Amino acid sequence: METLATKTLTVMAFGAHPDPFDMPYQAGATLAKYARRGHRVVMVAAAHEEEWEAEIAAIAKHLGATHLSLDFHEGAIFDDPSHLRRIVVALREYRPDLVITHQPTDYHPDHRALSRAVLGACLLARVAEIKTDHPPHKIGNLYYSDTTSGVNSAGSVYVDVAETWQQKIEALRLHTGLSEKRSVPHLDSIEHLIEREETNLRHRGFQVERDYCEVFQPALNYRVTWAHDLLPLATLPPIEQ
């Protein structure tokens, strides 16, 4: 009988942009850790820009993932019916066990809109009355990634990424084209973004007495949470020793 310990999971991570490729920044070490354990990881850039395609493909490959675009437009990502339907189609096609996206409090309006859209699509993906080429799919695990620099962020689930944080940093360095964007001062050097990410990894680890961590917040909604007989007990130790 297949159990959670033996099942090959599918993880989908939805980020708004390819410039930078959001999910590798906000959750790349955790996604790489899933991939190392043999799980399927799909990283999504909701907006599509052809100039970044080669770089985001290289980043995804370095993290052990595949990638796709939803062909949305930067600055015009909404949680309206057309955007929700495109996400529902992707969820039903890939049938993830676990979905990750931006927090609804993140700084960028595209991030916030995509967060709402992914939550809505996770609810609608199970609804049989919504017809697509793929059958309905129930998603019970939706998590929000850390916000940019951890500002205005909620997080209660820490993932120890000591084994993959360097892999994340290596992947981010493949995004060399960002150094050519001179209209945004903090993008003048890719090293600025990388320093920010490494600092946040250390900070999150410090909070739970680990070296490097990424933090996530479960999306609490009546359709993506469940009842327990008693309060669930923490597993001690929380990770493999």
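How do the residues of the lining of the largest cavity divide into nonpolar, polar and charged?

Author: This is a predicted model, in which local features need pLDDT of at least 70 and side-chain atom pairs count only at pLDDT 80 or more, while totals for chains, interfaces and linings use all residues. Residues are numbered from 1 along each chain as its sequence is written, and side-chain values use heavy atoms, with hydrogens and water left out.

The lining of the largest cavity divides into four nonpolar, five polar and six charged residues (Ala, Val, Leu, Ile, Met, Phe, Trp, Tyr, Cys and Pro count as nonpolar, Asp, Glu, Lys and Arg as charged, and the others, Gly among them, as polar). A cavity is a set of points on a 1 Å grid over the protein atoms alone where a 1.4 Å probe fits but cannot get out, and lining residues have an atom within 4 Å of a point. The whole structure holds one cavity of 30 Å³ or more, and the largest cavity contains about 110 Å³ of space (the space filled by probe spheres set on the points, which are joined across faces, edges and corners). Of its 15 lining residues, Tyr25, Gln26, Asp146, Glu197 and Asn200 lie nearest the centre. Helix α6 (190-207), α1 and β7 (213-218) each supply at least two lining residues, and α6 gives the largest share, five residues (helices, H or I of at least four residues, and strands, E of at least two, are DSSP runs numbered from the N terminus).

In α2 (residues 53-62), Glu55, Ile56, Ile59 and Ala60 are buried (buried is under 20% relative accessible area, exposed over 50%, partly exposed in between, with a 1.4 Å probe and protein chains only). Seen down the axis of α2, these buried residues fall within an arc of 135°, so they line one face of the helix (the arc of the directions from the helix axis to the C-beta atoms). The face turned away from that side carries exposed Ala54 and Lys61.

Notes
On a 1 Å grid over the protein atoms alone, a cavity is a set of points where a 1.4 Å probe fits but cannot get out, and a pocket is an open set with protein on both sides within 12 Å along at least five of seven lines; lining residues have an atom within 4 Å of a point.
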